[in-house]
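I opened the file and kept notes as I went. The entries follow in the order I looked things up.

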Amino acid sequence: MTAVIIRWFSPLLICLVLTGCSLPLQNLSSTEEIEYFARGLDQYIASGDLTILKRLPQQYPQGEWRTKAEGLVGKAEQHQAQLKEQEKELEQAQKEQATLVKKNQELEGTLEQLKQVLIDMELKTK
């Protein structure tokens with residue numbers, strides 16, 4: 001009987017989560033809470049949208065799953081902050097690389113000009 005209820009409510013819960021509606025989880029069984037938590041986590045992983053993950057703690061009453069959801073949100077926020085910092089560092093490194101490539105090309109051009117001047121001087125002295 002419980003399996004039938006879970007099968008019936010699962011699509012409903014998915015629809016509610018996807019539309020942004022909230023459903024209090026106070027009356028759900030432990031298995032249903034785990035499934036809801038896993039779906040929310042899967043949606044976050046697929047989308048990278050932190051707002052989806054932030055909804056999880058709001059859906060749980062005080063207890064184990066709310067604590068887990070809050071901890072997960074905290075970790076995800078730290079992760080995204082680190083990712084943004086690394087993206088800034090990468091962007092800066094790419095700018096520096098582009099500048100160095102340009103300077104290298106300029107130096108190669110100058111070297112070619114100097115070689116030509118040297119060749120011209122040798123030809124004039126002969």
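Predicted model: local features only at pLDDT ≥ 70, side-chain atom pairs only at ≥ 80, totals over all residues.

Next I asked which residues of helix 2 are buried. I found E32, E33, Y36, F37, R39, G40, Q43 and Y44 on that list. Looking down the axis of helix 2, I saw that its buried residues fall within an arc of 160°, so they line one face of the helix.

I then checked the length of helix 2. It covers residues 30-47, which is 18 residues, and at 1.5 Å a residue it should span 26 Å. Its end C-alpha atoms are 26 Å apart, so the span agrees with the expectation. After helix 2 comes G48, and I noted that the phi of G48 is positive, near 75°.

F37 sits in helix 2. Is F37 buried or exposed? Its relative accessible area is 11%, under the 20% cut-off, so F37 counts as buried.

What does F37 touch, once its neighbours within four places in sequence are left aside? I listed L56, Y60, W65, K68, A69 and L72 as its contacts. F37 and K68 are 31 residues apart along the chain, and their C-alpha atoms are separated by 9.3 Å.

Helix 4 runs over residues 64-125 and has 62 residues. From its first C-alpha to its last it reaches 90 Å, close to the 92 Å expected at 1.5 Å a residue. I found W65, A69, V73 and A76 buried in helix 4. Which helices do the buried residues of helix 4 pack against? They pack against helix 2 and against helix 3, residues 50-59.

Last, I took the totals for the protein. I counted 4 helices and 0 strands, and along the sequence the pattern reads α-α-α-α. Of the 126 residues, 19% are buried. The accessible surface comes to about 9,700 Å², and 58% of it belongs to carbon and sulfur atoms. Among contacts between residues at least 6 apart in sequence, 54% join residues at least 24 apart. The F37 and K68 pair, at 31 residues apart, had already given me one example of sequence separation to look at.

Notes. Residues numbered from 1 in each chain as written. Heavy atoms only, no water. Helix = DSSP H or I, 4+ residues; strand = E, 2+ residues; numbered from the N terminus. Expected span 1.5 Å × (residues − 1). Buried < 20%, exposed > 50% of the residue type's maximum accessible area, 1.4 Å probe, protein only. Arc of directions from axis to C-beta. Contact = heavy atoms within 4.5 Å. Areas by Shrake-Rupley, 256 points an atom, 1.4 Å probe, with all protein chains shown as cover.
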